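This report covers the fold, packing and confidence of the structure shown below.

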Amino acid sequence: MAKFFIEYLDSLSIPILPEWIVHALVYLIVGLVQCGVLLAIVMVSVAVFTWMERKIAGRIQDRLGPTRTGGRFGWLQPLADGIKLWTKEDLVPKNADGLLFRVAPYIAFCASFTVFLALPFSDGWVAQNLNVAAFFVLAVAGLEIFGTILGGYGSGSKWSLFGAMREAAQVVSYEVPLGLCVLIPVMIAGSMNLVTIGNIQAGLFTNWLIFHDPCTFITFFVYGTCAVASVNRAPFDLAEAESELVAGFMTEYSGFRWSIFFMAEYGSMLAVSALATTLFLGGWNGPVPVTELLGWTEAAGAHPVLVQLGNLLGAANFLCKTYIGVTVMIWARWSLPRLRIDQVMTTCLKYCLPIAAAMLVGATLWLYAFPGGMILKQRLPDVSSQVPSDSCGTKTGDG
Amino acid sequence: MEAINWHSFFFLLFGLAAGGFALAVVLSGNIVRMGFYLIMSLGAVAGLFFLAGAEFVGAMQLMIYVGGTMVLLVFGVMLTARGPFVSMKTPGGQWVLATIVGGSLLVMLLHTAVSVDDWRVKAVAEKAELSEEPPEVELSETTNPDRLGMALVGVRSDQPDPRQPAEEFGMSGYLLAFEIVSVHLLVVLIGAAYLARTKRVGSRD
């Protein structure tokens, strides 16, 4: 995008400032705009999720949830919460390690939001179209745990330390089956590029990778379990465990820093849900290929504006599916009781990991036997250029 | 011009961050803070890799060093520490020893870096004179990791021409090294599980 503007400005050739200043400014502004758009999408989603969480929790527990702030359904509750948290006193406990205590929420926040740099919202609508996007997302999402560990340790409190220890054990364990589950769509697509993975699922919903073969169907649910555990949501929220550890690693936090931890949690919920959508649920491709039927694609030679309109529709599709994923997470939180730490470990090491490994082998064999997938494809994907990536995918599992 | 501008800016930024936090690791006494500084330093190195367009290596750096190793390090400290905040005092002798080891490594690295002809300012200037157009630098030029992956399973796609049998040694990719490392890691894992297993109380051995 920056290149486009620079070429445009060069073609105008108006001598306002020295050339290099203009170019540097254009790059800076384009970068900031991209970050700003991403941040806006994620922050608005987070605000909606906090409202949804309360409302759904209320409905599941047969009460109303927020009703007063901003109209009938309490729409403005997130705003009221935000103002309340903003104006609270910024406390640092006397025994805490000040630096780590202060810095920990920002680490969690940065890690959970950096993921969105590599996530495509529609065909080509991605801030950085990385070749190894799937791997990058996993790597960065795994860094969020540092916020928890450092915050829990830096608080200088027993509850916080216990919460942080649980979180560390849990996240480190669940990263292994999670990585294996991500590997399967990567292997089928023959690429770690999320745009490519999204594009091979174009067409009817039967082309989505969840319906590729029985193995991917099972893998999707294993991925869901591991994703919920890795973002530390109930029934795997042992790090917070209100009934045992006060609030776990967040015990000593209040006000704005607490809210940053909270935003990081909701941000990573959105991130794992978006990754699931891209990998298994067709990404920005709707159940019925409306844009293709209308001919609003680049391949059909449509007007660029129509192509972008089609992309907008794709982004709406993508966000819809992602929001459904988050809703299911909220639903699970208010329906299932919390697991014990040994049950959490059993779920990971005795169930998720073997199932994921078996599915990896199964999907490989299936791919070998029926290259077209379970249901006959509408349109065979053009993966001829990406074939060698299989080997890279296999390698990441060992790392 | 414009590309080089931001490129050098971010290179300096990440380089300074990596160096500065590495110094902080050495000078700090608190172990967990040292771990934190090490995270930041390694993260900055990952940033340098991304800047160089080597996204695969950058993501590897984040996953293995920042994510994996550092979690284990912090975990180990938290499990073994007696007091709330452990701090270490380095005796003078260790400072001297560390300075000698670190200094000699630095000298060796500097010597290697300077001895590469293409990296010298003079050589770069000469090259720029030879080719009239300045070399174009692409920001965020993405490279495909396919060839690396193929080389790891034994196919060198960057050297497609069939070679003489005598020259074939060492040209067959990195399959052997890859397998040795895998087996080595497996042995380490089994060994660790063996050492950490619960010993049955009152058994004969």
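## Secondary structure

Along its sequence, chain B reads α-α-α-α-α-α-α, with seven helices and zero strands. Chain A has 15 helices and zero strands. Helices (H or I, at least four residues) and strands (E, at least two) are DSSP runs, numbered from the N terminus.

The model is predicted: local features need pLDDT of at least 70, side-chain atom pairs count only at pLDDT 80 or more, and totals for chains, interfaces and linings use all residues. Residues are numbered from 1 along each chain as its sequence is written, while chains are lettered from A and ligands numbered from 1 in the order in which they are written.

## Burial and contacts by chain

In chain A, 48% of the 399 residues count as buried; in chain B, buried residues make up 17% of 205. A residue is buried if 20 or more other C-beta atoms, placed from the backbone, lie within 10 Å of its own, exposed if 12 or fewer, and partly exposed in between.

Contacts are pairs of residues whose C-beta atoms, placed from the backbone, lie within 7 Å. Of the contacts in chain A between residues at least 6 apart in sequence, 79% join residues at least 24 apart. For chain B, 49% of the contacts between residues at least 6 apart join residues at least 24 apart.

Helix H2 of chain B (residues 31-51) has 21 residues and spans 30 Å from first to last C-alpha, close to the 30 Å expected at 1.5 Å a residue. The expected span is 1.5 Å times one less than the number of residues. Just after H2(B), B:Gly53 adopts a positive phi of about 85 degrees.

Helix H3 of chain B (residues 55-80) contains B:Gly67. B:Gly67 counts as buried because it has 27 C-beta neighbours inside 10 Å. Neighbours within four places in sequence aside, B:Gly67 is in contact with A:Ala139, A:Gly142, A:Leu143 and B:Leu62. The C-alpha atoms of B:Gly67 and B:Gly43 are 9.6 Å apart, with a separation of 24 residues in sequence.

## Confidence in chain A

The mean pLDDT (the predictor's confidence in each residue, from 0 to 100) of chain A is 80, and 87% of the residues score at least 70.

Methods: Two residues are in contact if their C-beta atoms, placed from the backbone, lie within 7 Å.
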